[in-house]
Every structure is written in C-alpha cells, then in structure tokens.
Amino acid sequence: MVDLLPAQSHSWQKVESIALEHFSRAGLQEIRTPIIEQTELFLRGIGENTDVVGKEMYSFDDRGGRSCTLRPEGTASVARSIVQHGLLNNGPQRLWYRGPMFRYERPQAGRQRQFHQIGVEFVGLASVMSDAEVISVAWNFLKDIGLNDLTLEINSLGSNEDRNIFKEELRNWLNQRFDLLDEDSQKRINVNPLRILDSKNSSTKELLVDAPSLSDFLSNESKTRFYYLQELLDDLNIPYKINNNLVRGLDYYCHTAFEITSDHLGSQATVCGGGRYDGLISELGGPKAPSIGWAIGMERLIILAGDAILQSKTPDVYVIHRGEKAEKFALNITCKLRSANLSIELDYSGSTFSKQFKRADKSRAKWAMVIGEDEVSKGQLLIKKLIGKEKGDNSEEYIFFKEDLDQLIKKLID
Ligand code: ATP
Ligand code: MG
C-alpha cells in the first residue's frame, strides 16, 4: 500500500477538482459509502467466479464473526446503498463517488493493493442516450485534464439471453482446443469462459483469433442498440474503436462495455472501465433498474497527467520575520491575509533575513513580506516581488501601514 506524499497531493487535488467541476455540470450528486461491506455483497454483486472476488479481496471475520471485506470497487456498494435507502423512489439516480479500493494484486507501476477510484453511476436509466452521456462525461473530463492520446474501446455484450447462447458455443469451441490453452484459461472454461476472451497469454490470444465472436450472437434488438450508441458517439465527435474481445471482469455487465486506454501506461493500459449492469439492483433486492457507470483509476490518471498537473501549489506570500515582537505581528498579519483568501507561508526558522529570503525563493512565492523590529515599531510592512523580477532588481518593493490592509491586499492580488 502506498503513501500519498505532500509533493503529489496537489496534483490529486487538482485532478479531483476538475472532476468535481465536470460532475456538477452534468448534474451528478456525490455518494459516500463505507469502506467495509459484508462479504456477501461482493459475492452477489460481482460474482464468485471473477478474479476480484476469487483472488483479490481483503476479507476477514469481525469480532462478531461476520465476514467483512474491504471494498474492491465502488459499484456494488453504491447499488446496495440505493436499494437500502430506497433512493429510486425519487427517480433515477445520477451519482458519483471517489475513494480507496482494495485488491490483493501483484503491485507494480499503476497497480496497487490500495488504489483510488473516481466513478460515476447512472441508475434507473435504460436508454442508449444514457450510455452515450455517461461515456461523454468520462471522455470530456479526461480531455480537460489534458490527455489527448486516449483510445475509447466499446463493445456490446448483448442481453443475458444472447450471452448464454454464446457462452455455450464458446465453451464447446474451447473444449475442443483444451490442451492449447494456458492453465488459467483452462480453469475458466466452465466457470467464466467469457473472461478467456481477454486473456493476456500470447498463445491463447493467437488461438482466439478464430474463436466464435459474441458479435455474431447478438439479437437484432441488441445490435440495433449498439449501432445507435455508435451513432450517438459519432454525433458527439467522440472517436471509438470496436473491440469484440472487450468483456470486462465483472459478471453483472450487459450490452455496452467500454474502456479508455492509453499507450503511455505500459501493460496497465486501462485508465477507465465501465459498462451497463441492468441486473445488479434487482439482484440485490431492489426494483428492476437498468444502470450504467464507469470507474477511473486515479493512480493511472495521475501518471498520465504527468508534469502538466504535477506542479505543486506555491504560496502567494512568504512571510519573513525576526525578533519577538515581529513574530506576533507576523502571525497576526498572516491570519488576516488568509482570511482574505491569500495563501501564506510563514517562516519558522528565526534565522537571518538572507537565509529566510533564500527559503522564500525556494517556496516560489510571488511575494516576500518582511517584518523586522523596525517595521514593528513603525507599524509598517515591506513587501518584495520575488517572481518575475531580474536578480538584484529591487524596484518592486512597497511599504504599507498595517492599517491599510485593503491596499496591501489589492497589491498582492494584482
Ligand atoms: P485491470 O485489467 O487493469 O486489472 P480491472 O478491469 O480490474 O483493470 P476495473 O475493475 O474496471 O479494473 O477498475 C476500473 C479502473 O480502476 C481500472 O481501469 C484502473 O484504472 C483502476 N484499477 C483497477 N485495479 C487497480 C489497481 N490494483 N491499482 C490501480 N488501479 C487500479
Ligand atoms: Mg484487475
């Protein structure tokens, strides 16, 4: 598990604030669910035959002997909460969430055991329009972060009936080639043959080129739905590729499945994964409520956003002071300026003015404010421009009386 250090937290905040902006424009509301759920929720909501449930969950018995699990993803918890609180009585729910998720995986670049997702769920909406809208929220958000070389891949998993017919066909085909499959895929034939389609094993991948394709098993209704989604994406100028092998790991998906990938992430290429899950809410005891959503992995997003977003926040003013009386004055003015929405860093070293100035430069503050015994006795403040001046240029220095706070603030935000 990984610490998020101060040098990185600013980029996270920036990415999250852009996300919030997009979510609020799209009329989404935030939902926060607990990090721990009853294990049963994920068994039912994700499916026992998935990697997530079968191999990756952090589960334990609590002191009351109940099996609990650190959530491996957000959708099941959001669905549980919607059912438990009867939120659908108020109509369809357009929600977003963020927070840590836990999966026992092999840690590597872009893959951690505690990682963070930011996600969106549209619950109680069946129309293809909602598929396109949900995808557009993710796409536009990622664009706004400055990511330009993303690929959106889409597929249709069809209805449950389509998929069941296909599963049988695929299982037969795979059984005839059992010995040619990798061990993992051999194990999956009976429990979850669809998952074999997105196997990472190269010889299995080669073999699968000739496998039956789900697209040939879609009913006319499912096909029409998928074509309409493509039409809507075309209309929104969102480019996409059709990937018939995109199946997603979780059991409850149907019809639209999609992923947004980048070439800059190595083998952990998927930054956003999502799809339609019409059966989940009723599976958890709620009403029939067709739904669609996605989740973005924050760690991968931050890797992609890179330097553009990585600049740490710099203060507006660095306050330099020396002497006991100056200290009180410095703290007082610092708090007043913060109340006026300025960001202020206060020196704590008590060292010489020149050393404090070096630290001020290092902080990349726009201004230094200097308070010595002299300033205190005169009731004055000296400010000095640090950013955007030539070395040795002292032309941008100003003196204010402490009573003229408004003028000082005006100068500082100029
Ligand atoms: P992968 O194929 O990379 O394991 P997944 O299909 O398991 O992904 P989802 O369950 O769809 O992933 O989760 C959505 C997103 O969350 C992923 O696209 C990825 O960006 C991120 N994610 C998933 N697992 C991890 C992890 N262990 N560490 C970091 N990010 C992750
Ligand atoms: Mg995974």
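Reply: Arg80 lies in helix α4, residues 75-84, where helices are DSSP runs of H or I with at least four residues, strands are E runs of at least two, and both are numbered from the N terminus. This is a predicted model, in which local features need pLDDT of at least 70 and side-chain atom pairs count only at pLDDT 80 or more, while totals for chains, interfaces and linings use all residues. Residues are numbered from 1 along each chain as its sequence is written, chains are lettered from A and ligands numbered from 1 in the order in which they are written, and side-chain values use heavy atoms, with hydrogens and water left out.

Arg80 counts as buried because its relative accessibility is 19%, the class being under 20% relative accessible area, with exposed over 50% and partly exposed in between (1.4 Å probe, protein chains only). Leaving aside residues up to four places away in sequence, Arg80 touches Thr33, Pro34, Glu37, Leu41 and Leu284, a contact being heavy atoms within 4.5 Å.

Four bridges join β3 to β4, residues 67-70, and Ser59 stands opposite Thr69 of β4.

Turning to helix packing, α1 (residues 6-25) and α5 (residues 128-144) meet at an angle of about 140°, with their axes 10 Å apart; axes are lines fitted to C-alpha atoms, for helices over the stretch in contact, and angles run from 0 to 180 degrees between N-to-C directions. On α1 the contact is made by Val15, Ile18, Ala19, His22, Phe23 and Arg25, and on α5 by Val137, Asn140, Phe141 and Asp144. These residues divide into six nonpolar, two polar and two charged.

Strand β9 (residues 254-262) is mostly covered, with nine of its nine residues buried. β9 runs antiparallel to β7 (residues 150-156), to which seven bridges join it, and Asn155 has Ala257 of β9 as its bridge partner. Six bridges join β9 to β10 (residues 270-276), again antiparallel, and here the partner of Ile260 is Cys272 in β10.

Technical notes: Nonpolar A, V, L, I, M, F, W, Y, C, P; charged D, E, K, R; others polar. Pairing = 2+ DSSP bridges.
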